[in-house]
Amino acid sequence: MTPTIKVISNHRSIRKFTEQALSVEQREAIMGAAQAAPSSSFLQASAVIRITDPELRAKVMALCGKQPYIGSAPEFWVFCADFNRHLQWVPEAQTGFAEQLLIGAIDTALMGQNAMTAAESLGLGAVFIGAVRNNPHELSALLQLPKGVIPLFGLCMGYPAQDPETKPRLPASLMFCDNAYPAEFDSATMQAYDEVVQDYYRTRTGGRKEMTWTGQIGDTLSKEARPFILDFLKEQGFCLR
Ligand SMILES: Cc1cc2nc3c(=O)[nH]c(=O)nc-3n(C[C@H](O)[C@H](O)[C@H](O)COP(=O)(O)O)c2cc1C
């Protein structure tokens, strides 16, 4: 196993941080790693806003489900898809295509994951924050996002003040296949995985949580997911055609 694969495979989200700040060198190394991510058609359709102002951080936290680590992490960065930059330079650029939402989201996610891996390779911990999409209008106003820019996810980073277990992933056989999507659903393997996840939660929570994976996705997918997002995307100039 290479050191890189080891860092990636040891990933677990960190939600408690010490107060120790990152050095400028660490921060710049993480930024460089993020920017080294591949980019579709080399559009580099991303912008990252680092929230350093404590008052602003508190307001952002309030808009993101009040998740305390947004307030306490030494670093909190908001990753955005950005086509505003292109429009500034090429005003006649054709934008608003649904495909461009995918391009912006994919480019930015690759940057985010590079940043997380770089941080973890430096001995730091991190967690992504999808809750930046909980109140996208208010957050965009707060961060002064122009049309063509949407917040996709946040990233908290810092020195870990906890050491959680890695979370068991689906068996590879359920996620990887050769040449065509599997014709049959492997429910026996899924059931075995459910027990693994249930055990993981039981151990991690001292018996307080005993959720299976299918139970968890059943809960998550039983309600509308941010139904306001489509209108927001359109207002920001995405998904118009
Ligand atoms: C795009 C994205 C958004 C996420 N948003 C949140 C969030 O708002 N709050 C949180 O505590 N964790 C968030 N997570 C972390 C996931 O809950 C976590 O990655 C998942 O449970 C797997 O656990 P692990 O990262 O420890 O392996 C997010 C992860 C991703 C990829």
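Glu75 is buried, because its relative accessible area is 4% and the cut-off for buried is under 20%. This is a predicted model. The side chain of Glu75 meets that of Arg50 in a salt bridge, with N to O at 2.6 Å. Glu75 lies in strand S2 (residues 75-82) and Arg50 in strand S1, so this pair ties together parts that are 25 residues apart in sequence.

A third residue joins in. Arg27, Arg50 and Glu75 are linked in a network of salt bridges. Side chains of opposite charge can pair when their charged atoms come close.

## Other salt bridges

How many salt bridges does the structure hold? There are six. One of them joins the side chains of Asp163 and Arg12, at 2.6 Å from N to O. This pair links distant parts of the chain, 151 residues apart. Asp163 sits in the loop between strand S4 (149-158) and helix H8 (172-175). Arg12 sits in the loop between helix H1 (3-9) and H2. Asp163 is exposed, because its relative accessible area is 64% and exposed means over 50%.

Arg202 and Asp199 form another salt bridge through their side chains, again with N to O at 2.6 Å. Both residues belong to helix H9 (residues 187-204). They are three residues apart there, so about one helical turn separates them. Arg202 is partly exposed, with a relative accessible area of 33%. Asp199 is partly exposed too, at 41%.

## Helices H2 and H6

Two packed helices are described by the angle between their axes and the distance between the axes. Here the pair is H2 (residues 24-35) and H6. Their axes come within 7 Å and cross at roughly 140 degrees. The crossing of H2 past H6 is right-handed.

Which residues meet where these helices pack? H2 supplies Ile30, Ala33, Ala34 and Gln35. H6 supplies Met111, Asn114, Ala115, Ala118 and Ala119.

## A nonpolar patch

Leu110 is also found in helix H6, which covers residues 98-121. Leu110 is partly exposed, with a relative accessible area of 37%. Together with Leu102 and Ile106, Leu110 forms a nonpolar patch on the surface. The accessible area of the three together is about 270 Å².

## Two positive phi angles

Most residues other than glycine have a negative phi, and most peptide bonds are trans. Now look at the loop between H2 and strand S1 (46-50), where Phe42 lies. The phi of Phe42 is near 55 degrees, a positive value in a residue other than glycine. Phe42 is exposed, with a relative accessible area of 63%.

Gln44 lies in the loop between H2 and S1 as well. What is the phi of Gln44? The value is near 50 degrees, which is positive, and the residue is other than glycine. Gln44 counts as partly exposed, because its relative accessibility is 39%.

## Thr18 and its contacts

Thr18 is found in the loop between H1 and H2. At 29% relative accessibility, Thr18 counts as partly exposed. How far apart in space are Thr18 and Gly158? Their C-alpha atoms are 7.0 Å apart, while 140 residues separate the two in sequence.

Which residues does Thr18 touch, leaving out those up to four places away in sequence? They are Pro74, Tyr159, Pro160 and Ala161.

Gln236 is found in the segment after helix H11 (229-235). Is Gln236 buried or exposed? Gln236 is buried, because its relative accessible area is 11% and buried means under 20%.

Leave aside the neighbours within four places in sequence. Gln236 is then in contact with Leu145, Pro146, Lys147, Gly148, Val149 and Ile150.

Terms used:
Residues numbered from 1 in each chain as written. Predicted model: local features only at pLDDT ≥ 70, side-chain atom pairs only at ≥ 80, totals over all residues. Heavy atoms only, no water. Patch = residues over 30% accessible without salt bridge, like charges linked within 9 Å, V, L, I, M, F, W, Y side chains within 5 Å. Areas by Shrake-Rupley, 256 points an atom, 1.4 Å probe, with all protein chains shown as cover. Salt bridge = Lys/Arg side-chain N within 4 Å of Asp/Glu carboxyl O. Helix = DSSP H or I, 4+ residues; strand = E, 2+ residues; numbered from the N terminus. Buried < 20%, exposed > 50% of the residue type's maximum accessible area, 1.4 Å probe, protein only. Axes fitted to C-alpha atoms, helices over the stretch in contact; angles between N-to-C directions. Left-handed = near helix turned anticlockwise from the far one by under 90°. Contact = heavy atoms within 4.5 Å.
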